Amino acid sequence: MRKLLLLSLFALLFVVQAQSQTLLEKGEQAMNKCDYKTAILFFTKYKDVTKSPIEKKNCNNQIEICNQKLKNIKTEAKPGGGNFNNGVGKPSTTNTRPQKTIPGYNSHSFKYPEITIMGNEEFVIDIGEEGGSFKLPVSVKDAENWTATDAESEYLYFGRTNYMLGDWIEISEIHSGSQMIAVDILENEEIGTRTKEIELVTKPIGKTARILVNQKGLPYDAHCAYILGLDVEHNKRLEDGNGMVIHLRLRVRNMANLQCKASVFFYYDEDEPVKDKDENGDYGNIAGNVVVGKEFQPTSNDQTFEDIQLAIPYAQLHQEGNEDRELKMRVNIYDYSGTKHKSLKRSDFYTMLYSPEDYPADKLSPIVIEDLTVEKDVEMSDNVNIESIKGLLIKFRMETNNLKGMNCRVYAQFYDGDFNPITKKDDASQQVETSLDFLPVTNDQAYKLIQLQMPYRDISNTTNKAKFKLGVYEVVGDDLRFLYESNYIDVSIP
């Protein structure tokens, strides 16, 4: 009887899930057919049954877009096109605002729609997820007096270029001599459609032209990845020698239980990859280029990986000579679930300064730090006011190599949640840090326990979040020679 009941519950759950997915699909179908009222109905029903906060948010975005579309349709039917501001702080009273639609704009063709703005007009531009450019000519007599503004009323004047309207539309060219406004649309990497308004205003005549840009996004079931951050930790003792560890922060969507891979490729410049010279190919691809990668598998359809670590010995970068140089890194995230490996996301180039002296490939790292822990709410003494205070206690084990007789300093420098240095309250030019000087007496010195204290009061900030980096210098008079630096380590502050 219990088994039958469980099977019934499972069947019911499957039916509810299937029905909710059908609601979502019907909403998208209605939206594609421009039946926005029906689409709103299905999106609202799906929002009520889904348990996912992300899906609820996506439904709200789609409902908002549908409402905006309905508003535009109503505006188009009205004489005068609605009650828009005419640029001088008064409602428009004219009835001469026609609406022009530019459907199916294809950015790959680079055929710009020819629109002459004579005043009091509205345009709707539909653009694909890949983005692109379009140009808006204005009339000659009004060219000197036009300004542009986005929904936040940030005015843009002729002669100023590379101005972002929000975070995905850029005014790339505004010049009164050519009477041309060129607008670049960035690629939409998110799921769902996004909308932005641009308003052009003449002064003192008071003519306005409003441009509504609708850009499609990825489908709801698209496999997609986002690279959220990259950090490099140098001079790490690896199985294959001294090297570096690359820390990646990633977000992957619609890839639950599917195999993925994160890879980092190395370049001298954007067109010249670093070549792999080893026969074993442990750090090379089929094309003979240096790469380091790691496979991973998401367990949900919207998952963030805070720290995927990729380790590569410096020797595998095959660098010759003693001079410092710049190397570039590029991250690629792959869908490894099928027979053909599909690229989900490729980053821009990250620049790294490679120093053979600071990052030696042929000897042990001068510093090895292991077993790091952070204890909170530790009682510590205030030597100034002779009172007990609370803070963080950073504990770790450290080994040094070939540093016998050298004056060294290990430190922890602190940053706020946005990676900005936390400065001292009595001296804003100095970063908050805690440090300890030490002098190795042998070439292979082992310190079983190093402890660094940091009172909460010195690192308090508005977000109650902080980060720190561990580092080691050799102290040579007034100079400091870099030996080691860790990646960022997150801590919370009560």
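This is a predicted model: local features need pLDDT of at least 70, side-chain atom pairs count only at pLDDT 80 or more; totals for chains, interfaces and linings use all residues.
A polar contact here is a pair of N or O atoms within 3.5 Å; within protein, one must be able to donate a hydrogen and the other to accept it.

**Stop 1: the main core.** Select Met244, Ile246, Leu248, Val264, Phe266, Phe296 and Leu317: these have the most contacts inside the largest nonpolar core, which has 32 residues. Now colour the strands β11 (224-238), β12 (241-253), β13 (260-269), β15 (291-296), β16 (302-313), β17 (325-335) and β18 (342-354), each of which supplies at least two residues of this core. The largest share, five residues, comes from β12.

**Stop 2: Phe266.** Centre on Phe266 and show what surrounds it. Setting aside residues up to four places away in sequence, Phe266 touches Met244, Ile246, Pro273, Val274, Val290, Val292, Ile312, Leu317, Lys328 and Met329.

**Stop 3: Arg325.** Next, go to strand β17 and pick out Arg325. Is Arg325 buried or exposed? Its relative accessibility is 14%, so Arg325 counts as buried. Beyond its neighbours within four places in sequence, Arg325 is in contact with Gln319, Glu320, Met352, Leu353, Tyr354 and Pro356.

Finish with the polar partners of Arg325. Its side chain makes a polar contact of 3.2 Å with the side chain of Gln319, and a polar atom of the Arg325 side chain lies 2.8 Å from the backbone oxygen of Glu323.

How values were computed. Residues are numbered from 1 along each chain as its sequence is written. Side-chain values use heavy atoms; hydrogens and water are left out. A nonpolar core is a set of buried Ala, Val, Leu, Ile, Met, Phe, Trp, Tyr and Cys residues joined through side-chain atoms within 4.5 Å. Buried means under 20% relative accessible area, exposed over 50%, partly exposed in between (1.4 Å probe, protein chains only). Helices (H or I, at least four residues) and strands (E, at least two) are DSSP runs, numbered from the N terminus. Contact means heavy atoms within 4.5 Å.
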